[in-house]
Amino acid sequence: MNLGFMQAIGAFFIWGLFPLYWKLLQSVPATQIVAHRIAWSFVILFIVILLTKRSKELMAGVRNKTTVGIYALAAVLVSINWVVYVWAVNAGFVVETSLGYFINPLVSVLLGVVFLKERLRKLQWVAVGSAFCGVLYLALVYGQVPWIALTLGISFGFYGLVKKKAPLGSISGLTVETCVLFLPALGFLLYSEWQGVGSFAHSGPLDIGLLIGAGLITTVPLLLFASATKNVPLSLVGIFQYIAPTMHLMFGLFVFKETFTFHQFVGYGFVWLAVLLFIVDGIRRYRANQKVAKKVSGISKGSLNNLKPQTAISDEESMLSAINERN
């Protein structure tokens with residue numbers, strides 16, 4: 001479990017560093033950055049598939065039209081998320097991107113209620129209500145709808161909803177997603193170079209290396225996260241996910257010196273309260289399940305594996321099934 005904790009923290013810490021990475025590519029249009037990210041991610045993931053001998057699972061998924069359709073929809077949603085995120089970082093809205101990923105888990109559990117008929121605990125309802133008040137305050141009192149945060153939170157929320165129905169594992173699934181987008185991304189990059197506006201052939205060695213590295217920084221935290229979820233309870237991994245948006249907020253305020261008004265502080269405060277309530281609820285659920293496990297410690301392993309949690313809610317699972325691809 002200690003190794004799992006280190007892997008989870010490492011994955012979210014790398015995702016938290018993304019604003020610094022994308023800022024280094026500020027001269028490159030967001031659409032080209034994302035296209036390079038898709039293309040190089042597919043190359044790296046395809047190599048990982050071969051090395052881990054998952055090619056049969058991948059080919060079985062590609063042959064199934066329903067599976068391809070699910071991942072094609074997921075690919076569109078994550079592309080929207082990536083483009084908006086990269087553009088917002090380089091346009092000076094890092095603080096607002098952090099808000100999007102703070103509210104994302106709350107959006108996910110709300111979508112679970114609406115579309116999957118899941119039930120929320122009382123504290124989770126309070127958290128969702130607090131986040132809603134924060135967004136409403138920003139829209140009415142601050143006078144500006146936080147569209148970047150809402151786009152990031154909602155697009156990734158629906159992405160997680162689609163991924164919940166996806167049959168493949170995280171590595172194979174992301175490979176299929178990038179495979180769906182690979183040819184359009186490659187065509188767009190080649191057309192940009194042909195038009196003379198492409199950044200790859202008209203940039204220095206640093207930008208070229210960073211564009212290729214965009215695929216690497218996508219796959220490394222993904223592999224860390226996939227390994228962590230095998231050794232750490234999902235309820236605890238769900239708490240770690242707030243490392244990344246917290247780092248985004250700190251970078252926006254103290255490194256990039258973005259403005260942060262009193263009204264923003266009040267609106268974000270409601271969201272931070274929601275996050276705190278969500279974390280407290282997760283810890284309480286984890287402790288409750290631990291107590292149940294101790295009470296049945298005398299039961300055989302086979303029976304223990306069939307034990308169900310006290311509350312039949314899969315909000316963390318539906319949310320965490322897609323965290324590893326969101327950034």
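What we have is a predicted model, where local features need pLDDT of at least 70, side-chain atom pairs count only at pLDDT 80 or more, and totals for chains, interfaces and linings use all residues. Residues are numbered from 1 along each chain as its sequence is written, and side-chain values use heavy atoms, with hydrogens and water left out.

So where does T218 sit? T218 lies in helix α10, helices being DSSP runs of H or I with at least four residues, strands runs of E with at least two, numbered from the N terminus. T218 counts as buried because its relative accessibility is 4%; buried means under 20% relative accessible area, exposed over 50%, and partly exposed in between, with a 1.4 Å probe and protein chains only. Its C-alpha is separated by 9.1 Å from that of I38, 180 residues apart along the chain.

Zooming out, the protein has 15 helices and 0 strands, and 50% of its 327 residues count as buried. Among contacts with a separation of 6 or more, 86% come from residues 24 or more positions apart.

Now to a helix pair. The axes of α1 (residues 2-16) and α10 (residues 205-231) come within 8 Å and cross at roughly 150°; axes are lines fitted to C-alpha atoms, for helices over the stretch in contact, with angles from 0 to 180 degrees between N-to-C directions. That makes α1 roughly antiparallel to α10, a label for angles over 145 degrees. Residues of α1 including G4, F12 and W15 meet residues of α10, among them I217, L224 and N231. The residues of this contact divide into 12 nonpolar, 5 polar and no charged; Ala, Val, Leu, Ile, Met, Phe, Trp, Tyr, Cys and Pro count as nonpolar, Asp, Glu, Lys and Arg as charged, and the others, Gly among them, as polar.

Most residues other than glycine have a negative phi. K53, in the loop between α3 (30-51) and α4 (55-63), has a positive phi near 60°. K53 counts as exposed because its relative accessibility is 75%. K257 has a positive phi of about 55° and lies in the loop between α12 and α13 (262-295). K257 is exposed too, with a relative accessible area of 61%. Thanks, and happy to chat!

Terms used:
Angles under 35 degrees count as roughly parallel, over 145 as roughly antiparallel, 65 to 115 as roughly perpendicular and the rest as oblique. Contact means heavy atoms within 4.5 Å.
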